[in-house]
Amino acid sequence: MFGLGQEVLGNGINGQAINSLQDWDNFAKAVQVSSYQTDHDGMTGVAAIRKESLEPTLRAVVAQSDTFTFFKGLKRQPVTSAVHEWMVQLSRGGQVDGMNIGELGEIQFDVGDYRRKVERLKLFATGAKISDFANVQSLEGESLRARENENAMVRIANAVERSLFVSDERYSPNKVNGFKAQVRNFEGGRNIINLNGSSDVDDLVQTIFHIKADVRQEGNYGDVTDTYVDAATQNALDQKLMPQYRVQLDNNPTSLQYGAPVGAIKTSYGNLKLNHTIWNDSAANTQPTIVKNRGRVPDKVPGQPTVTVTPVASAPGSADGWTAERAGEYWYAVSLVDADGREGLPSVLQSGTVAEGGALRVSGNAAFSAVTATGGRIYRSRKDRDTMPELKDLRLSGEFAVESDGSFEYVDVNQRIPGSSSVPVMNLKPDSIQWLQLRPAMQFPLFATNQLIHPWAVALYGTLQLGQPQHHYLIDGFVPESSPWQPFK
């Protein structure tokens, strides 16, 4: 494209070599990674024309990866404050059966039902660095700095996607409240439906039908459009969903048969689209973090706690949670988390035997550590193991907040069945749910102190907003038959 250098660069820079979009792209990459004649404080030299925003990189990472399905589907809403307030209208007011009066009767005055909502935007950040030697090298024709920028954005995107589903500031105050936490906080968790370990696909589908009908009732006036399922739940639907509930794909009648892929569930009130996710809770991703990270633990994490497991005769909910076929011996491990959500080493495994209608109390104390524990995660084995299980054989069974003195207690009544899948059912319309973002994803230059390195940080400010929380539901406690990890077998 002749003249591109003149148009883009103006008269102040020699653009004779810029004759195509590819030339410009190569120049932009060189500017991005160069430290030649740069004064970061004064923003002179190359830094004066360097693109500091990484938002295009973030968008590219999300758009090119099939794993960031939730984040990709949300509308981005720019905001101007780290504390975002809005109002939710839950009703028009009055009673639909009470609008009539006598000829001289008293007129009743009503107003709509409004609720004030507040969300705090949280900071997602990660550091990146390369050595001075690596700064002048390339990897498959790409500079290592550009590659590390992409790696940093993938780390941020991973954290955002996972947080959108399961993050909870009750246990780690610096984290956002994800979908599950916000649904739980709405009117005492009225929109959470627990299947209590059912593997019956028809139970799951009938629950979805109930949700589709309920969200249209007075006081809701909405719809649900999408759900996010893990691989085991998707496989269960593929194999067991009845043909009359399937949506024909690509005008192919065989897509209505058992075993065919299910892309949506048909109801009388419209279809519910299925989206795949690897980030929501399921048997595949609720192992202890040290297992998922292949033995790697960050340098600064809470210490290893001491734990005891004690049988309890009864507790609220224990009669439904611990039935005769579920009673038996279970092994537990506890890991503590800090305010940022980083998880430390699990405790030594402890076992306990629960009777029908009973419960198990998991209690302990945080170890002395330079990092303060704000919460913790409980991991549980399957029923009646012949030998003490390994950490990889445990799944997340509960979370708790740590008291100010470092103590904690959790009574397990099977309120969260380890290895079960959570199925969020939501309205993805922008007025109902969106991503609030304070500014574009940015890179922030850092400075080396006693090493020949080029360090920088990548940061993103944002949070999830359920603008109309009555339009969102969570189905908990579904255990797909095809899951390799069965909690009671």
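Predicted model: local features only at pLDDT ≥ 70, side-chain atom pairs only at ≥ 80, totals over all residues.
Let me begin with Ala-125, which lies in strand E4, residues 122–131, where helices (H or I, at least four residues) and strands (E, at least two) are DSSP runs numbered from the N terminus. Residues are numbered from 1 along each chain as its sequence is written, and side-chain values use heavy atoms, with hydrogens and water left out.

Ala-125 counts as exposed because its relative accessible area is 52%; in these terms, buried means under 20% relative accessible area, exposed over 50%, and partly exposed in between, with a 1.4 Å probe and protein chains only. Leaving out residues up to four places away in sequence, Ala-125 touches Ile-156, Val-458 and Ala-459, a contact being heavy atoms within 4.5 Å. Ala-125 and Ala-152 are 27 residues apart in sequence, and their C-alpha atoms are 8.8 Å apart in space.

For the chain as a whole, there are ten helices and 22 strands, and of its 489 residues 47% count as buried. Among the contacts with a separation of 6 or more, 73% are between residues 24 or more positions apart.

Now to strand E10, residues 272–276, which holds Lys-273. Is Lys-273 buried or partly exposed? Lys-273 is partly exposed, because its relative accessibility is 45%. Setting aside residues up to four places away in sequence, Lys-273 touches Thr-225, Asp-226, Thr-227, Gly-263 and Ala-264, and from Lys-273 to Val-224, 49 residues apart in sequence, the C-alpha to C-alpha distance is 9.3 Å.

In the loop between E10 and helix H9, residues 289–292, we find Thr-286, which counts as buried because its relative accessible area is 6%. The side chain of Thr-286 reaches the backbone oxygen of Ser-282 at 2.8 Å. Apart from neighbours within four places in sequence, Thr-286 is in contact with Asp-281, Tyr-379, Leu-394, Arg-395 and Leu-396.

Arg-294, in the loop between H9 and strand E11, residues 306–312, has a positive phi of about 55 degrees although it is not a glycine, and Arg-294 is exposed because its relative accessible area is 70%. Asn-414, placed in the loop between strand E17, residues 407–412, and E18, also has a positive phi, near 65 degrees, in a residue other than glycine; Asn-414, however, is buried, because its relative accessible area is 2%.

The largest cavity has a volume of about 120 Å³, a volume being the space filled by probe spheres set on the points. Its lining has 18 residues, of which Arg-416, Ile-417, Ser-420, Ser-422 and Asp-476 lie nearest the centre of the cavity. The elements giving two or more residues to this lining are strand E18, 421–426, and strand E22, 473–478.

Key: 1 Å grid on protein atoms, 1.4 Å probe; cavity = no way out; pocket = protein on both sides within 12 Å on 5 of 7 lines; lining within 4 Å. Polar contact = N/O pair within 3.5 Å; in protein donor to acceptor, adjacent residues only side chain to side chain.
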